[in-house]
Amino acid sequence: MEFNPDNIIYFQWGFVKINATLVFSWIVILILWISSWLITRKVTSGAGISRWQNLLESVVSIIQDQIREASQQNPQRYLPFIGTLFLFIVFSNMLTIIPGFNAPTASLSTTAALAACVFVAVPVFGIVSLGIKGYLLQYVRPTPFMLPFNIIGELSRTLALAIRLFGNIMSGSLVVAILLSLAPLFFPVIMQILGLLVGFIQAYVFAILALVYIASATRAHHEKNDNDKDEVLNQSQM
Amino acid sequence: MDSISIIGMVSIIVAGLTISIGSIGPAFGEARALAQALSAIAQQPDESGTLTRTLFVGLAMVESTAIYCFVIALIIIFANPFWDFVIKRVGG
(Lines give C-alpha, C1' and ligand atoms only; values in the text may rest on other atoms or scores of the structure.)
Protein backbone atom coordinates (compact mmCIF):
# COMPACT_ATOMS: atom_id res chain seq x y z
CA MET A 1 0.00 0.00 0.00
CA GLU A 2 1.54 3.25 -1.14
CA PHE A 3 0.20 6.33 0.59
CA ASN A 4 2.79 8.81 -0.62
CA PRO A 5 2.43 9.72 -4.32
CA ASP A 6 6.05 10.96 -4.24
CA ASN A 7 7.20 7.35 -4.20
CA ILE A 8 5.34 6.31 -7.36
CA ILE A 9 7.96 7.02 -10.00
CA TYR A 10 7.00 6.81 -13.66
CA PHE A 11 10.20 7.95 -15.28
CA GLN A 12 13.71 8.52 -14.07
CA TRP A 13 16.60 10.12 -15.89
CA GLY A 14 19.64 10.75 -13.73
CA PHE A 15 18.44 12.68 -10.71
CA VAL A 16 15.34 13.92 -12.55
CA LYS A 17 12.36 11.90 -11.35
CA ILE A 18 8.86 12.22 -12.75
CA ASN A 19 6.63 10.96 -9.93
CA ALA A 20 2.88 10.75 -9.52
CA THR A 21 2.67 14.06 -7.64
CA LEU A 22 4.13 15.95 -10.58
CA VAL A 23 2.08 14.12 -13.20
CA PHE A 24 -1.23 14.63 -11.42
CA SER A 25 -0.43 18.28 -10.65
CA TRP A 26 0.17 18.76 -14.37
CA ILE A 27 -3.12 17.04 -15.13
CA VAL A 28 -4.98 19.39 -12.78
CA ILE A 29 -3.21 22.41 -14.25
CA LEU A 30 -4.00 21.27 -17.79
CA ILE A 31 -7.67 20.71 -16.95
CA LEU A 32 -7.96 24.17 -15.43
CA TRP A 33 -6.02 25.84 -18.25
CA ILE A 34 -7.72 24.13 -21.16
CA SER A 35 -11.22 24.49 -19.76
CA SER A 36 -10.82 28.20 -19.01
CA TRP A 37 -9.20 28.74 -22.43
CA LEU A 38 -12.06 26.96 -24.18
CA ILE A 39 -14.66 28.94 -22.24
CA THR A 40 -13.09 32.39 -22.51
CA ARG A 41 -12.30 31.94 -26.23
CA LYS A 42 -15.73 33.18 -27.28
CA VAL A 43 -16.75 35.23 -24.27
CA THR A 44 -19.37 37.92 -24.87
CA SER A 45 -20.89 40.71 -22.83
CA GLY A 46 -24.22 40.52 -24.62
CA ALA A 47 -27.46 38.94 -23.46
CA GLY A 48 -27.01 35.50 -24.99
CA ILE A 49 -24.08 34.10 -23.02
CA SER A 50 -23.24 30.43 -23.15
CA ARG A 51 -23.81 28.02 -20.27
CA TRP A 52 -20.10 27.61 -19.60
CA GLN A 53 -19.48 31.34 -19.49
CA ASN A 54 -22.32 31.61 -17.02
CA LEU A 55 -20.68 28.93 -14.84
CA LEU A 56 -17.29 30.60 -14.95
CA GLU A 57 -18.72 34.04 -14.21
CA SER A 58 -20.62 32.74 -11.18
CA VAL A 59 -17.51 30.96 -9.85
CA VAL A 60 -15.45 34.15 -10.17
CA SER A 61 -18.14 36.30 -8.59
CA ILE A 62 -18.59 33.88 -5.66
CA ILE A 63 -14.83 33.97 -5.00
CA GLN A 64 -14.91 37.76 -5.26
CA ASP A 65 -17.75 38.01 -2.75
CA GLN A 66 -15.99 35.71 -0.30
CA ILE A 67 -12.76 37.70 -0.56
CA ARG A 68 -14.63 40.97 -0.09
CA GLU A 69 -16.47 39.72 2.99
CA ALA A 70 -13.45 38.10 4.61
CA SER A 71 -10.90 40.85 4.00
CA GLN A 72 -13.16 43.94 3.91
CA GLN A 73 -11.00 45.24 1.06
CA ASN A 74 -11.15 45.54 -2.68
CA PRO A 75 -11.12 41.91 -3.91
CA GLN A 76 -9.52 42.68 -7.26
CA ARG A 77 -5.99 42.66 -5.85
CA TYR A 78 -6.30 39.28 -4.18
CA LEU A 79 -8.51 37.52 -6.73
CA PRO A 80 -5.74 36.06 -8.96
CA PHE A 81 -3.67 34.58 -6.13
CA ILE A 82 -6.43 33.40 -3.79
CA GLY A 83 -8.64 32.19 -6.62
CA THR A 84 -5.82 30.18 -8.17
CA LEU A 85 -4.97 28.56 -4.84
CA PHE A 86 -8.61 27.69 -4.19
CA LEU A 87 -9.33 26.31 -7.66
CA PHE A 88 -6.15 24.22 -7.79
CA ILE A 89 -6.73 22.67 -4.36
CA VAL A 90 -10.43 22.12 -4.99
CA PHE A 91 -9.81 20.39 -8.31
CA SER A 92 -7.05 18.17 -7.00
CA ASN A 93 -9.21 17.19 -4.00
CA MET A 94 -12.39 16.61 -5.97
CA LEU A 95 -10.77 14.54 -8.72
CA THR A 96 -9.82 11.84 -6.17
CA ILE A 97 -13.32 10.46 -6.82
CA ILE A 98 -11.94 9.23 -10.16
CA PRO A 99 -10.31 5.81 -9.70
CA GLY A 100 -6.58 5.87 -10.27
CA PHE A 101 -6.21 9.56 -9.56
CA ASN A 102 -3.73 10.34 -6.80
CA ALA A 103 -4.46 13.75 -5.33
CA PRO A 104 -1.31 15.87 -5.56
CA THR A 105 -2.37 17.53 -2.30
CA ALA A 106 -1.95 14.17 -0.54
CA SER A 107 1.80 14.69 -0.83
CA LEU A 108 3.64 16.92 1.60
CA SER A 109 5.75 18.40 -1.24
CA THR A 110 2.74 19.95 -2.97
CA THR A 111 1.21 21.38 0.17
CA ALA A 112 4.59 22.68 1.32
CA ALA A 113 5.02 24.41 -2.04
CA LEU A 114 1.55 25.98 -1.77
CA ALA A 115 2.27 27.13 1.78
CA ALA A 116 5.62 28.55 0.62
CA CYS A 117 3.72 30.57 -2.01
CA VAL A 118 1.60 32.05 0.80
CA PHE A 119 4.73 32.62 2.90
CA VAL A 120 6.25 34.67 0.05
CA ALA A 121 3.00 36.40 -0.87
CA VAL A 122 2.40 37.84 2.60
CA PRO A 123 5.48 40.15 2.62
CA VAL A 124 5.03 40.95 -1.09
CA PHE A 125 1.46 42.20 -0.60
CA GLY A 126 2.47 43.86 2.68
CA ILE A 127 5.42 45.72 1.14
CA VAL A 128 3.40 46.78 -1.89
CA SER A 129 0.73 48.39 0.28
CA LEU A 130 2.75 49.61 3.28
CA GLY A 131 6.27 50.06 1.93
CA ILE A 132 9.29 48.19 3.27
CA LYS A 133 9.59 50.31 6.42
CA GLY A 134 5.91 50.11 7.27
CA TYR A 135 5.86 46.36 6.74
CA LEU A 136 8.94 45.71 8.86
CA LEU A 137 7.59 47.98 11.61
CA GLN A 138 4.69 45.58 12.03
CA TYR A 139 7.08 43.03 13.49
CA VAL A 140 7.99 45.27 16.43
CA ARG A 141 4.41 46.07 17.35
CA PRO A 142 3.18 46.44 20.04
CA THR A 143 6.66 46.26 21.61
CA PRO A 144 10.06 45.16 20.26
CA PHE A 145 9.94 42.25 22.71
CA MET A 146 7.33 40.65 20.46
CA LEU A 147 9.80 40.40 17.54
CA PRO A 148 10.82 36.73 18.06
CA PHE A 149 7.22 35.67 18.67
CA ASN A 150 6.06 37.40 15.50
CA ILE A 151 8.77 35.66 13.48
CA ILE A 152 8.00 32.26 15.05
CA GLY A 153 4.30 32.82 14.40
CA GLU A 154 5.00 33.57 10.75
CA LEU A 155 6.94 30.32 10.35
CA SER A 156 4.64 28.10 12.38
CA ARG A 157 1.48 29.18 10.59
CA THR A 158 3.12 28.33 7.26
CA LEU A 159 3.97 24.89 8.63
CA ALA A 160 0.42 24.53 9.93
CA LEU A 161 -1.04 25.41 6.52
CA ALA A 162 1.04 22.72 4.82
CA ILE A 163 0.51 20.01 7.44
CA ARG A 164 -3.22 20.68 7.75
CA LEU A 165 -3.99 20.22 4.06
CA PHE A 166 -1.61 17.27 3.74
CA GLY A 167 -2.93 15.51 6.84
CA ASN A 168 -6.58 15.86 5.90
CA ILE A 169 -6.29 14.74 2.28
CA MET A 170 -3.76 11.98 2.94
CA SER A 171 -5.78 10.60 5.85
CA GLY A 172 -8.88 10.57 3.65
CA SER A 173 -7.24 8.42 0.97
CA LEU A 174 -5.51 6.24 3.61
CA VAL A 175 -8.80 5.53 5.41
CA VAL A 176 -10.41 4.52 2.11
CA ALA A 177 -7.47 2.23 1.32
CA ILE A 178 -7.64 0.56 4.75
CA LEU A 179 -11.42 0.14 4.57
CA LEU A 180 -11.12 -1.43 1.12
CA SER A 181 -9.27 -4.34 2.70
CA LEU A 182 -11.66 -4.62 5.69
CA ALA A 183 -15.17 -3.95 4.31
CA PRO A 184 -14.86 -3.50 0.56
CA LEU A 185 -18.54 -3.25 -0.36
CA PHE A 186 -20.23 -0.20 1.14
CA PHE A 187 -18.21 1.72 3.70
CA PRO A 188 -15.48 3.05 1.36
CA VAL A 189 -18.21 4.89 -0.57
CA ILE A 190 -19.37 6.71 2.57
CA MET A 191 -15.80 7.59 3.49
CA GLN A 192 -15.20 8.88 -0.02
CA ILE A 193 -18.25 11.15 0.21
CA LEU A 194 -16.91 12.40 3.54
CA GLY A 195 -13.53 12.83 1.84
CA LEU A 196 -15.12 15.03 -0.84
CA LEU A 197 -16.70 17.22 1.84
CA VAL A 198 -13.43 17.45 3.78
CA GLY A 199 -11.52 18.20 0.58
CA PHE A 200 -13.80 21.09 -0.28
CA ILE A 201 -13.75 22.52 3.25
CA GLN A 202 -9.96 22.25 3.42
CA ALA A 203 -9.55 24.05 0.10
CA TYR A 204 -11.86 26.79 1.38
CA VAL A 205 -9.98 26.99 4.68
CA PHE A 206 -6.59 27.13 2.94
CA ALA A 207 -7.71 29.99 0.69
CA ILE A 208 -9.41 31.90 3.51
CA LEU A 209 -6.43 31.52 5.84
CA ALA A 210 -4.05 32.70 3.12
CA LEU A 211 -6.34 35.68 2.59
CA VAL A 212 -6.51 36.42 6.31
CA TYR A 213 -2.71 36.33 6.61
CA ILE A 214 -2.27 38.61 3.59
CA ALA A 215 -5.02 40.97 4.72
CA SER A 216 -3.49 41.26 8.20
CA ALA A 217 -0.17 42.24 6.65
CA THR A 218 -1.87 45.03 4.66
CA ARG A 219 -4.30 46.12 7.37
CA ALA A 220 -2.63 49.40 8.42
CA HIS A 221 -2.90 50.68 4.86
CA HIS A 222 -6.60 50.01 4.90
CA GLU A 223 -7.18 51.98 8.09
CA LYS A 224 -5.29 54.95 6.75
CA ASN A 225 -7.39 55.60 3.66
CA ASP A 226 -11.03 54.79 3.42
CA ASN A 227 -11.11 55.02 -0.37
CA ASP A 228 -11.12 51.24 -0.64
CA LYS A 229 -14.63 51.06 0.69
CA ASP A 230 -15.89 53.36 -2.06
CA GLU A 231 -14.10 51.23 -4.62
CA VAL A 232 -15.78 48.13 -3.24
CA LEU A 233 -19.15 49.82 -3.51
CA ASN A 234 -18.47 50.87 -7.09
CA GLN A 235 -17.34 47.37 -7.94
CA SER A 236 -20.45 45.78 -6.56
CA GLN A 237 -22.67 48.17 -8.48
CA MET A 238 -20.92 47.32 -11.72
CA MET B 1 13.38 -9.33 24.18
CA ASP B 2 15.71 -7.93 21.60
CA SER B 3 15.72 -4.26 20.77
CA ILE B 4 13.78 -4.60 17.50
CA SER B 5 10.70 -6.05 19.16
CA ILE B 6 10.93 -3.52 22.02
CA ILE B 7 11.00 -0.67 19.52
CA GLY B 8 8.12 -2.16 17.54
CA MET B 9 5.98 -2.66 20.65
CA VAL B 10 6.69 0.78 22.06
CA SER B 11 6.02 2.41 18.67
CA ILE B 12 2.61 0.82 18.29
CA ILE B 13 1.54 1.60 21.87
CA VAL B 14 2.77 5.18 21.64
CA ALA B 15 1.09 5.70 18.26
CA GLY B 16 -2.23 4.63 19.75
CA LEU B 17 -1.70 6.87 22.79
CA THR B 18 -0.71 9.81 20.57
CA ILE B 19 -3.81 9.71 18.44
CA SER B 20 -6.19 9.01 21.34
CA ILE B 21 -4.90 11.62 23.80
CA GLY B 22 -4.26 14.10 21.02
CA SER B 23 -7.81 13.94 19.73
CA ILE B 24 -9.50 14.49 23.11
CA GLY B 25 -8.62 18.17 23.43
CA PRO B 26 -9.56 19.27 19.90
CA ALA B 27 -12.79 17.26 20.11
CA PHE B 28 -13.89 19.10 23.25
CA GLY B 29 -12.80 22.43 21.82
CA GLU B 30 -14.56 21.93 18.51
CA ALA B 31 -17.74 20.78 20.25
CA ARG B 32 -17.79 23.93 22.37
CA ALA B 33 -17.16 26.14 19.35
CA LEU B 34 -19.87 24.40 17.35
CA ALA B 35 -22.40 24.70 20.17
CA GLN B 36 -21.66 28.40 20.57
CA ALA B 37 -21.93 28.99 16.83
CA LEU B 38 -25.26 27.14 16.69
CA SER B 39 -26.75 29.22 19.47
CA ALA B 40 -25.41 32.37 17.83
CA ILE B 41 -27.00 31.38 14.51
CA ALA B 42 -30.27 30.66 16.32
CA GLN B 43 -30.21 34.14 17.83
CA GLN B 44 -29.09 35.97 14.67
CA PRO B 45 -30.03 34.01 11.55
CA ASP B 46 -29.13 36.97 9.35
CA GLU B 47 -25.47 36.70 10.32
CA SER B 48 -25.24 32.98 9.54
CA GLY B 49 -22.87 33.55 6.61
CA THR B 50 -20.26 35.36 8.67
CA LEU B 51 -20.71 32.97 11.58
CA THR B 52 -20.31 29.89 9.40
CA ARG B 53 -17.18 31.22 7.73
CA THR B 54 -15.59 32.15 11.03
CA LEU B 55 -16.62 28.79 12.45
CA PHE B 56 -14.97 26.87 9.62
CA VAL B 57 -11.74 28.83 9.85
CA GLY B 58 -11.69 28.44 13.63
CA LEU B 59 -12.47 24.73 13.48
CA ALA B 60 -9.68 24.21 10.97
CA MET B 61 -7.21 25.97 13.25
CA VAL B 62 -8.34 23.99 16.30
CA GLU B 63 -8.21 20.79 14.33
CA SER B 64 -4.63 21.32 13.24
CA THR B 65 -3.41 20.18 16.69
CA ALA B 66 -5.18 16.85 16.17
CA ILE B 67 -3.66 16.60 12.72
CA TYR B 68 -0.18 17.15 14.15
CA CYS B 69 -0.83 14.18 16.43
CA PHE B 70 -2.05 12.14 13.45
CA VAL B 71 1.07 12.95 11.44
CA ILE B 72 3.28 12.04 14.42
CA ALA B 73 1.43 8.73 14.78
CA LEU B 74 1.93 8.00 11.07
CA ILE B 75 5.63 8.83 11.33
CA ILE B 76 5.97 6.51 14.32
CA ILE B 77 4.26 3.65 12.49
CA PHE B 78 5.40 4.02 8.88
CA ALA B 79 8.63 6.04 8.95
CA ASN B 80 10.08 5.40 12.38
CA PRO B 81 13.65 6.76 12.43
CA PHE B 82 14.74 4.64 15.42
CA TRP B 83 13.43 1.49 13.76
CA ASP B 84 15.45 2.24 10.61
CA PHE B 85 18.51 2.96 12.75
CA VAL B 86 18.31 -0.35 14.60
CA ILE B 87 17.61 -2.31 11.40
CA LYS B 88 20.66 -0.74 9.82
CA ARG B 89 22.84 -1.53 12.85
CA VAL B 90 21.70 -5.13 12.98
CA GLY B 91 21.89 -5.65 9.23
CA GLY B 92 25.26 -3.94 8.82
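Biologist: Before we start, when do two residues count as in contact?
Modeller: Two residues are in contact if their C-beta atoms, placed from the backbone, lie within 7 Å. In chain A, take the contacts between residues at least 6 apart in sequence: 67% of them join residues at least 24 apart.

Biologist: Okay. What kind of model is this?
Modeller: This is a predicted model, where local features need pLDDT of at least 70, side-chain atom pairs count only at pLDDT 80 or more, and totals for chains, interfaces and linings use all residues. Residues are numbered from 1 along each chain as its sequence is written, while chains are lettered from A and ligands numbered from 1 in the order in which they are written.

Biologist: How many helices and strands are in chain A?
Modeller: Chain A has eight helices and two strands. Those are DSSP runs, numbered from the N terminus: helices are H or I with at least four residues, strands are E with at least two. The order from the N terminus is β-β-α-α-α-α-α-α-α-α.

Biologist: And how much of chain A is buried?
Modeller: Of its 238 residues, 26% count as buried. Buried takes 20 or more other C-beta atoms within 10 Å of the residue's own, exposed is 12 or fewer, and partly exposed is in between, with C-beta atoms placed from the backbone.

Biologist: Now Phe101(A). Where does Phe101(A) lie?
Modeller: In the loop between α3 (79-94) and α4 (108-137) of chain A. Phe101(A) is partly exposed, with 17 other C-beta atoms within 10 Å.

Biologist: What does Phe101(A) touch, leaving out residues up to four places away in sequence?
Modeller: Phe24(A), Leu95(A) and Thr96(A).

Biologist: Switching to helices. At what angle do α5(A) and α6(A) pack?
Modeller: About 175°, with axes 9 Å apart. Axes are lines fitted to C-alpha atoms, for helices over the stretch in contact, and angles run from 0 to 180 degrees between N-to-C directions. That makes the two helices, α5(A) and α6(A), roughly antiparallel. The cut-offs: under 35 degrees is roughly parallel, over 145 roughly antiparallel, 65 to 115 roughly perpendicular, and the rest oblique.

Biologist: Which classes of residue make that contact of α5(A) with α6(A)?
Modeller: There are 14 nonpolar, six polar and one charged. Nonpolar means Ala, Val, Leu, Ile, Met, Phe, Trp, Tyr, Cys and Pro; charged means Asp, Glu, Lys and Arg; the others, Gly among them, are polar.

Biologist: On to chain B. What is its pattern along the sequence?
Modeller: Chain B runs α-α-α. Its radius of gyration is 20 Å, well over the 12 Å that the globule rule gives for 92 residues, so chain B is more spread out than a compact globule. That radius is taken over C-alpha atoms, and the rule is 2.2 Å times the number of residues to the power 0.38.

Biologist: How do the axes of α5(A) and α2 of chain B cross?
Modeller: At roughly 70°, coming within 9 Å; α2 covers residues 48-78 of chain B. The helices α5(A) and α2(B) are therefore roughly perpendicular. Residues making the contact include Ile163(A) and Ser171(A) from α5(A), and Ile67(B) and Tyr68(B) from α2(B).
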